[in-house]
Amino acid sequence: MRHFLKLTLLFSLLLLVVAALLVEVPEHYLSGKADFKLPANTKHIVVGHSHSECAIDDSFIEDLTNVSESGEAYFYTYLKTREILKQNPSIETVFIEFTNNQIAPIMDDWTWDDEHLNHWYPKYSTFMGVKDKFLIASNNFSGYVSSNSLSSSENIKRILTKNHEYINPVRANKLWGDPHLLDSLIIDATKKKKTKKNAGLSNVNLTYLNKLIQLCKKEGKRVILIRSPLHEKYQGLSNESIYQKLRKNRFSDLEYYDFSKFPLDNSNFYDLEHLNEKGARTLSKWFDEILNDTNALQSDSEEFVKSEMLKFTEVDN
Amino acid sequence: MLFNSIDFAVFLPIVFILYWFVANKNLSLQNALIVAASYLFYGWWDWRFLILILSSTLIDYFVGRGLATQEDKFRRKVLLWTSIFINLGVLAVFKYFNFFIDNFISAFSLFGVEMKANSLNIILPVGISFYTFQTLSYSIDVYRRKLKPTKDFIAFSAFVSFFPQLVAGPIERASNLLPQFYAKRNFDYSRAVDGMRQILWGLFKKIVIADNCAEYANIIFNNSADYSGSTLVLGAVLFAFQIYGDFSGYSDIAIGTSRLFGFDLKQNFNFPYFSRDIAEFWRRWHISLSTWFRDYVYIPLGGSRGGIWMKVRNTFIIFIISGFWHGANWTFIVWGALNAVYFLPLLLSNNNRVNIDTVAKGKYLPSIKDLGLILLTFSLTVFAWIFFRADNMEHAISYISSMYSSTLFSLPYIFEPQTGLQIIPKTILVLVAFFVFIEWIGRDGQFALSGIVNLKKRAFRWSIYLTLCVMIILFHGKQQEFIYFQF
């Protein structure tokens, strides 16, 4: 029995060493080769999740690159943006999507549940520090172990195929849903009882939002929070009072462009919280004009943008 | 808790240490620890399941005690049928109630009679199909006087709830497993090492083969209308390896784990995809279930004795019941019936026991004839698996009709979920080929890796184990639940 236990322990230690090497060596190699380069003329970036991914079509906006990705919590946005800023010194402004669902507890799931870990961890584990990994491991240990396995194989694949690019071209802003889908969503939303105000907050998401803001400031970048257009029937607005309170208490020093009530009719929406291709084109063309206006990106651009939004009619575009 | 989970990785060593260092003092303590660990293992899914397994244990224990003292034939039959009725009744309620209600309503609606009935919104307790059959085998064997009923309630509870095989088999016969609880187990080094080896191979089959095949099989089956005939064939083949890797992998882990605790369970899969005919396939696939049906349903019905129509009737009954055991859906029934159709010609022509020995025994490669027979048998089983996997009959029929189209001979491809690009899943095909190669080399043993014990140098053996572990780490598919947990 002792002999069996001794050999089992020895084999387990050997396996642990091999597993650690399988994880660490590729990460170490890739950290020096990772490519987060954006087009050379990029002065502004947009980071966030699917709301900004769908709303901002950077092909209509000069000098702006949209690096938002669906399902991305601030934990991963922070890691990505840190690398982007390192490799793209031309960036002057960082637009950060800050909307209602990003303060909600569901963002904890986006950070460490199995489904999101399987997708995000393999991509960004290379850039995580010990504290970041500990956060994941302490909240979902089995997911953490499983994701390290996925991460290891993806990293080895990247090395073998010499694929060091980490920036995906934004695709979701090409969504063009069935217009009747939106009609049925609106009907459903009207019928539904108002959801209870969700008083919960995702502390981890807000912590990493804060880290992201501090990082940008430290790098001398201008930080502007944005909220992409939302349909008035969007159920996620149920925590609006908490959202506004939080923004005023914690982020009052930051400029804030609130496009949530941007004047767009139903034909511009894919669903109640995402614009479709037409909506993205409308908003982006308008935003391009704003950014080219010398009044914008001055120190008090918030009022300017608000007033321009009020002047906007869809006919203009 | 799943076998391939952190929970089990923590649970198993703790139970192992307690079993061999604390409970090793005496037999009762060993068995009691098995019961406690098994109830913890089972309750991990849902504590309410424990009520069912405890009830099943109590009923069959007391039925056994009753049969021990009862000589009157009628009363013995009453006791037996009490056990059968309650065990199958529980199974019927949890597993088949909604199926019967829905079909009852559909049947009446054909005659223009609209009925309303409430379906039950209940969870199917994990493993119920397995342990009810296990306890039934005890009652039946005691009734037939093939087995002495036990007085030892702890040993009997341990037999019913034994955690390695509780939720997905092998379905153990009381005559094999129960006596192992009557004697104190002593640690056997080579048995334990062989057990670890079998666990490793089971994990490889489940994590590398089954979970990776599942990813692509699911994409193809869930979007079958979008794919070419050749891709649908690929989907069916991948499902064949998914279900084999999943189920036989679980059995390997169950048998290997049992060996760590000094128990020997029966082999449940004997390299079925190397079968040369369907009869051989059914002697090698899910052996514990097929022998259960043979001994407790087929033979009492008359088996292969009697005229042709009796043989045909019994064969269809056995395969359809076997299909129905798997789930409350017409697809499982059709799957069973199809296997009956495959089997009958062999039975009626007395060719069902032609291929008994291991294929190409002592040789490296099969003969051309054997290879052809293997491929033919494999094709027939893959075709039948389409019904097993399909969501319903409409899905199965549309899958098959789309398969046999002009695109049957085009290059298969899958739409990669994240990019939408067309890809050929080369990695999984290479893994499956590697897997088939290892299984072929080890086909004479209890499991593919059992022959490794013949390698003298520990360094060689460990390098093989490490290679498999590295493959498990690198080719870790997205975790899928064991298919047979749903039965």
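How many helices and strands does chain B have? I looked this up in a predicted model, in which local features need pLDDT of at least 70, side-chain atom pairs count only at pLDDT 80 or more, and totals for chains, interfaces and linings use all residues. Residues are numbered from 1 along each chain as its sequence is written, chains are lettered from A and ligands numbered from 1 in the order written, and side-chain values use heavy atoms, without hydrogens and water.

**Entry 1: chain B**

I found 18 helices and two strands in chain B; helices (H or I, at least four residues) and strands (E, at least two) are DSSP runs numbered from the N terminus. I noted that the C-alpha atoms of chain B fill a box of roughly 70 × 70 × 45 Å along the principal axes. Of its 487 residues, 55% are buried (under 20% relative accessible area, with a 1.4 Å probe and protein chains only).

I then examined helix 1 (residues 2–31) of chain A and helix 18 (residues 458–474) of chain B, which pack at an angle of about 45° with axes 11 Å apart. Axes are lines fitted to C-alpha atoms over the stretch in contact, and angles run from 0 to 180 degrees between N-to-C directions.

I recorded residues in contact (heavy atoms within 4.5 Å): Leu7(A), Phe11(A) and Val18(A) are among those of helix 1 of chain A, which meet residues of helix 18 of chain B including Trp462(B), Tyr465(B) and Ile473(B). By class, this contact has 15 nonpolar, one polar and one charged residues. Nonpolar means Ala, Val, Leu, Ile, Met, Phe, Trp, Tyr, Cys and Pro; charged means Asp, Glu, Lys and Arg; the others, Gly among them, are polar.

Notes: Buried means under 20% relative accessible area, exposed over 50%, partly exposed in between (1.4 Å probe, protein chains only).
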